[in-house]
Amino acid sequence: MTDVISFKEYFDALLEGKLLGLKCSDCGAYTCPPKAVCDSCGSRNVKRVELSGRGRITTFTTTYVAPVGYDKEVPYTVAMVELEEGPWIVGRIEIENADEIGQDLIGEEVVVEGKEYPTEMFYPDKKRRVVPVFKLVKA
Amino acid sequence: MEKRDVAVLGVGQTKFGHHPDKSLIDLFAEAFYEAFNESNIELKDIQAIYYGNFVGEMTDGSANLSGFISDEIGLKGIPARRYEAACASSSVAFREAYLAVAHGIYDCVAVGGSERLYNAGTAIGTRALATAVDGLHEMTAGLTFPGVFALAARLYAKKYEIPMEKLHEKMAHVSIKNHKYGAINPKAQFYNKFGDLKVEDVLNSKVICSPLTLFDCCPMTDGGSAAIIASADFAEDVIDNPVYVLGTGQSGAGGLFRQKEDMIKAIPRKISVEMAYKEAKVTPKDIDFVEIHDCFTIAEIIASEAMGFFEYGKGADAVEEGETWVGGSIPINPDGGLIGKGHPVGATGTSQVYAAVKQLRNEFKYNQVKDAEICITDTLGGDFGTLVNIILGIHRRK
């Protein structure tokens, strides 16, 4: 059986605090964000699941020069998180003192939430952008 | 099926930099005619055009360029097509052209590309470049290209247990080297500029995406490049100094989040480069110099490892120790690379071929690698996504 999760469904769920993904019935691996096949083995035998939304920061960067459409948001910090279930996702960390953070942010435990931003001319969702936001657990 | 040997007849490249007064077609035409004029052929010998362009829609409001180009440069009616693979656009075009000639579909074709990102301005240019990240899941967070390589730099530092500040100092040597070489290349965007950078200049320049600073990044560039390629038999009939295409490779990958920590190993590059080495029947030890996709300082380091010149985690030491300078064990980017020469995205791949061919013909007087016989080019499109490698040499494949 193949479950399909549209990007709208994925981002709607994220706004409600739920991180959706796929679990492979063949190899057991998780895929998030969802795609047409299991990210690990390529099987189409994938089932919809809700992931824990917890993970650890693997890398990050603070952007000072933004593309058109994102310029009002600078500086903003983009991070990658390795979820408990294995997949990596891209989102933002909201940090006051972006200039002062260093490598020790890597490894910090986070939970993911969705936050709504205005869309821009070229973004596929013409109503809004839903950004995964990572909240530090220890904060 | 046995492939025919293929050779480059001529190459051309515009001056890289700011061209507010030249269209995408003008830039291609200028490079094309430089290549054509040294190819000793007639226009009617050219049977098809393979043209690379990344974001003509966003910078010039122009798509569907290939037909216009064939008409405007005097090649009315021949098959022409545009290739888009982000920064690897004209390298994919070159590889497709090579395969078509190798398999006997055509005897002689024109390849190249053009782009106008400088003229588009930083905000539109940055957004245009960002069309090469995952459009939904990476773009929603505002991930940009300096951002991609900033993420890679931090991951590299973590994985190989190098303090980030220390790694940044090592990365600075890529910028120092490539600016030094760009400053002596008259066709480079930064000709006569930044030829004497110090580590502190790189570290203290404006932060773009932490930890990457302005001097870690290649510039936005307008420019064009071209090459005429033909079967080796055809080439040997018309010119005395063909440069042979010994092998090519191509691979790809999904978004950065799908590649996970493998991003710093650049797995698609490994697959592509091994394909090229195998076809050319060479190993990294046979390569005399490299044209690497140094869109950012860390990018050159990661590429030099994935291509087999250094062990994973050692590429940063190699540039600091001079291994990748002209005179070192494996010179990288003697033309200045993307950082010193400029990066007109759709034209970058064939400009690497331009530099390689000029070197192999011993015509690159500004920074000639002595007795060079074999070069490999490396072009990266997107966030470690599309990878193309081209191996060129002065003798036919063994």
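In helix α1 of chain A, which spans residues 7-15, the buried residues are Y10(A), F11(A) and L14(A), where a residue is called buried if 20 or more other C-beta atoms lie within 10 Å of its own, exposed if 12 or fewer do, and partly exposed in between, with C-beta atoms placed from the backbone. Seen down the axis of α1(A), these buried residues fall within an arc of 90°, so they line one face of the helix; the arc is that of the directions from the helix axis to the C-beta atoms. An α-helix has 3.6 residues a turn, so residues three or four places apart point the same way. The partners of the buried residues of α1(A) are the strands β1 (19-24), β7 (109-117) and β8 (129-136) of chain A. After α1(A) comes G17(A), with a positive phi near 85°.

The model described here is predicted, so local features need pLDDT of at least 70 and side-chain atom pairs count only at pLDDT 80 or more, while totals for chains, interfaces and linings use all residues. Residues are numbered from 1 along each chain as its sequence is written, and chains are lettered from A and ligands numbered from 1 in the order in which they are written. Helices (H or I, at least four residues) and strands (E, at least two) are DSSP runs, numbered from the N terminus.

Two cis peptide bonds can be located in the loops of chain A. One joins C32(A) and P33(A) with omega about -5°, and P33(A) sits in the loop between β2 (30-31) and β3 (46-51). Another joins V74(A) and P75(A) with omega about -10°, P75(A) being in the loop between β4 and β5 of chain A.

In total, 35 residues of chain A are in contact with 33 residues of chain B, contact being counted when the C-beta atoms of two residues, placed from the backbone, lie within 7 Å. On the side of chain A that touches chain B, the elements giving two or more residues are β4 (54-63), β5 (76-83), β6 (88-93) and β8, and β4(A) gives the most, with six residues. By class, that side has 21 nonpolar, nine polar and five charged residues, where Ala, Val, Leu, Ile, Met, Phe, Trp, Tyr, Cys and Pro count as nonpolar, Asp, Glu, Lys and Arg as charged, and the others, Gly among them, as polar.

Within chain B, helix α6 (residues 145-159) packs against helix α12 (residues 297-306) at an angle of about 55°, with their axes 9 Å apart. That angle makes α6(B) oblique to α12(B). The contact brings F149(B), A152(B), A153(B) and Y156(B) of α6(B) to I298(B), A299(B) and I302(B) of α12(B), and its residues are seven nonpolar, no polar and no charged.

Helix α6(B) also packs against helix α7 (residues 164-182) of chain B, at an angle of about 120° and with the axes 9 Å apart. Here A153(B), R154(B), Y156(B) and A157(B) of α6(B) meet M164(B), L167(B) and M171(B) of α7(B), a contact with six nonpolar, no polar and one charged residues.

Definitions and conventions
Axes are lines fitted to C-alpha atoms, for helices over the stretch in contact, and angles run from 0 to 180 degrees between N-to-C directions. Angles under 35 degrees count as roughly parallel, over 145 as roughly antiparallel, 65 to 115 as roughly perpendicular and the rest as oblique.
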